[in-house]
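Me: Can we go through this one together? I'd like to start with the domains and then move on to the sheet and the ligand.

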Amino acid sequence: MDTGEVQKYLSSLNLPQYRQKQIIKNYFSGRYLSFLEMTDLPKDLRLDLEKNFSLLSVSESKLVTDTDTQKSLLTLKDNLAIESVLMDYGDWLTACLSSQVGCPLNCAFCATGKMGFKRNLTAEEMLDQILYWNHKIFPKYIGRLVFMGMGEPFLNWDNLLATLKIIKENLNIGSRKISISTAGLIPKIYEFTDLNTEINLAISLHAPDQETRQKIMPITLKYQFTDLIKSLNYYTAHTRRQLFLEYALIDDINDSQDHLNKLINLLKSNRLFYLNLIPLNPVKGGLNPSSNLNLFADTLEKNHLNFSLRRSLGQSSNSACGQLIVGN
Ligand code: SAH
C-alpha cells in the first residue's frame, strides 16, 4: 500500500497517532493480505480501510509449486501481471523479485525479453512482492532477496532505490542479504558503486568478449564489453567486495575452448570476480544448454579460480532464471 496516502487518510479521520503506527506496523509485518484480517483494529475501521485502499498492490492469480520453488503470477492494479518466485535453499528462503513488467533488453536466452516491455514497477509493487511471500510462508520469513526476476532493475533506478530504502527502514533483511543483478548498464554500475551500500551486485555476463556477447545480449552494442569490465574493476576497487558474474553455458555460442581461455584470463585479472557457472535453463524457441559444463568447471577448478556451479531451482515449473514470462 502507499503508506503516505493511508496515513493522510487516517489523519483526516482524526484517528490517534498510535492507530497509524499500528496499521503501518501490521502492513510491514507481512502477516496480512487485507485490512479485514487486522483483528486488532475496530471493525468499522477495518471495513472502511478495505473499501478505500487495498493493502497489497499485487494479488495472486496463480501459484505453481515445485519441490523447492514456488512461482506466483501476481496481478497488478492495472491488470498487467508479473511473476515472483520463492526459492527454498533449506537453511533460508529467498524471494526473487521482478522490477519491470516484461523487459526491453531482449537477451537471446531469456523468456522475459520475448514478452516485450510494458512498464516499470512502482516501489510499492516491488515491496509488496516481499510482503506477499512473507504472508504465504508465515511464520517463516524471507531471509534473502534477489532482484533477478522479470526486468532490468537498473532501468528502474529511482523506484529501485526507493524500494531499497523502505526495506532498510522497515524490514529485517540486511543489505548483505540482498543481491541485484544487471545486464550491464555501465553508468548505473558506477552510480551503484558510489552509493557505498553492502548490497551484492551480480552481472549477467554470459560471454567473455565483445563479439560473442553482442550476439546474445543486444545491450552490448550500446555498452561495450571492455567498458563493462572497466566499470566492474571500478566496483571491486572501491567496494573491495566480491562481484558475481553470471555465465549460462549455451551450446555453440559461448562454450568453446577459446571462450574458456578468455574466461580464465578474466577471472585471473581480478580476484574479486566470482563466477556463477549456470546450466542454461531451457526456454521456448531459445538456445540449447551446452554439454561442456563439466569441462568448464573442471578447468576452472584446476586453475584455482573463484566459481561455483550454480544449482538451478525451479526448472520443472518454469520458475528458473530466464524462464519468467507472462501472456505467452
Ligand atoms: N536484467 C537483469 C535481471 C534479470 S536476472 C539481468 O540481466 O541480470 C535474471 C537472471 O537469469 C540473469 O542473470 C539472466 O542472465 C539469467 N538468465 C536469463 N535467461 C536464462 C536462462 N535461459 N538460463 C539461465 N539463466 C538465465
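**Domains, sheet and ligand shell**

Me: How many residues of domain 1 are in contact with domain 2?

Reply: 5 residues of domain 1 are in contact with 6 residues of domain 2, where contact means C-beta atoms, placed from the backbone, within 7 Å. This is a predicted model: local features need pLDDT of at least 70, side-chain atom pairs count only at pLDDT 80 or more, and totals for chains, interfaces and linings use all residues. Residues are numbered from 1 along each chain as its sequence is written.

Me: What classes are on the domain 1 side?

Reply: The side of domain 1 that touches domain 2 has 3 nonpolar, 1 polar and 1 charged residues. Ala, Val, Leu, Ile, Met, Phe, Trp, Tyr, Cys and Pro count as nonpolar, Asp, Glu, Lys and Arg as charged, and the others, Gly among them, as polar.

Me: Where are the domain bounds?

Reply: Domain 1 is 3–52 and domain 2 is 58–317; the bounds come from an automatic or database domain assignment. Their centres, taken over C-alpha atoms, are separated by 35 Å.

Me: Now the sheet. What is the strand order?

Reply: The open sheet has 10 strands in the order β1-β2-β3-β4-β7-β8-β9-β10-β11-β12, with mixed pairing. Strands are DSSP runs of E of at least two residues, helices runs of H or I of at least four, both numbered from the N terminus; two strands pair if DSSP finds at least two bridges between them.

Me: Which strands stand at the edges?

Reply: β1 (58–65) and β12 (307–309) do, each with a single partner strand, so one side of each is left without a neighbour in the sheet.

Me: How do β2 and β3 run, parallel or antiparallel?

Reply: Antiparallel, with 7 bridges joining β2 (residues 69–76) to β3 (residues 81–88). Thr-69 stands opposite Met-87 in β3.

Me: And what about β3 and β4?

Reply: 4 bridges join β3 to β4 (residues 93–96), again antiparallel. The two form a hairpin with 4 residues between them, and Gly-90 in the turn has a positive phi of about 90 degrees. Val-85 has Cys-96 in β4 as its bridge partner.

Me: What does Cys-96 stand opposite in β7?

Reply: Val-146. β4 and β7 (residues 144–147) run parallel, joined by 3 bridges.

Me: Switching to the ligand, which residues are closest?

Reply: Ser-181, Ala-183, Ser-204, Cys-321 and Gly-322 are the closest of the 16 residues that surround the ligand; a residue counts if its C-beta atom, placed from the backbone, lies within 6 Å. The elements giving two or more residues to this shell are β8 (178–182) and β10 (243–249). By class, the shell has 9 nonpolar, 5 polar and 2 charged residues.

Note on methods: Contact = placed C-beta atoms within 7 Å.
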